[in-house]
Amino acid sequence: MILLMKNKYANRSKISEAKFRQIVKLFALDLDATQISQIVDLERKTVNRYLMAIRERIAGFCEAESPFQGEIEVDESYFGPRRVKGKRGRGAGSKTIVFGMKKRNGNVYAEIVPDCSKATLQAIIRGKIEPDSVIYSDNWHGYDGLVDVGYDKHYRVNHGKDEFVNGKSHINGIEGFWGYSKTRMSRHRGVNKKYFYLHLKECEFRYNYRNEDLYQKILKIVRENPLFYS
């Protein structure tokens, strides 16, 4: 017979609320599953199951965030192993392509995309950014025609000509997020593609709320949408 604990954060949980809160606190401090398992005296497999479930709630929370409005930087980035010799172009090889946007002095949003085509990028922009916003991008052709779909204020920098800042035109903010995310993920010595999305959204969440109490923030998210341990 399996003993199930009363736990308002995780239905049918096999651990107590106190133990769960301890896991969340250590996760908020950015400890990995191995470190947490040693501290809370639980199997790594058990801890990792809870961490993945927490990441799923965090991802859902991030996806529900309101549309962006104001001054917005947009860009794509590529995560994964080094490019395969002989393959060229954006996203060459087995890299995962991620499109992102960042409101200046505000939050960031990131999404895995199948390609960097005009149709793909514009569909996300139209769904996430209000038309009266100011958009900054590089000179990638996927951003061509934004004015034609209602974004009258679109400014670009031409990285191909070593132009990285032109007055207020730059994408330094979103590029900073790419650097932050890749540094965090490198600690895992490679993220399984199956779980890449959850780790990406964790990076987004940690970046957006880096000046808040992450422990309390996560507890609130999970309390409103408890985990289900089966």
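Predicted model: local features only at pLDDT ≥ 70, side-chain atom pairs only at ≥ 80, totals over all residues.
Residues are numbered from 1 along each chain as its sequence is written, and side-chain values use heavy atoms, with hydrogens and water left out.

**Lys-128.** I found Lys-128 in helix H4, residues 118–128 (helices are DSSP runs of H or I, at least four residues, numbered from the N terminus). Lys-128 is buried (under 20% relative accessible area, 1.4 Å probe, protein chains only; exposed is over 50%, partly exposed in between). I looked for a salt bridge (a side-chain nitrogen of Lys or Arg within 4 Å of a carboxyl oxygen of Asp or Glu) and Lys-128 has none. The nearest side chain of opposite charge is Glu-63, 4.6 Å away (Lys and Arg count as positive, Asp and Glu as negative; His and the chain ends are not counted).

**Glu-63.** I placed Glu-63 in helix H3, residues 44–63. Glu-63 counts as partly exposed because its relative accessibility is 30%. Leaving aside neighbours within four places in sequence, Glu-63 is in contact (heavy atoms within 4.5 Å) with Tyr-109, Lys-128, Tyr-197 and Lys-201. I also checked C-alpha atoms: those of Glu-63 and Tyr-109 are separated by 8.3 Å, with the two residues 46 apart along the chain.

**H1 and H2.** I then listed who meets whom: Lys-19, Gln-22, Ile-23, Leu-26 and Phe-27 in H1 meet Ile-36, Ile-39 and Val-40 in H2.

Key:
Helix = DSSP H or I, 4+ residues; strand = E, 2+ residues; numbered from the N terminus.
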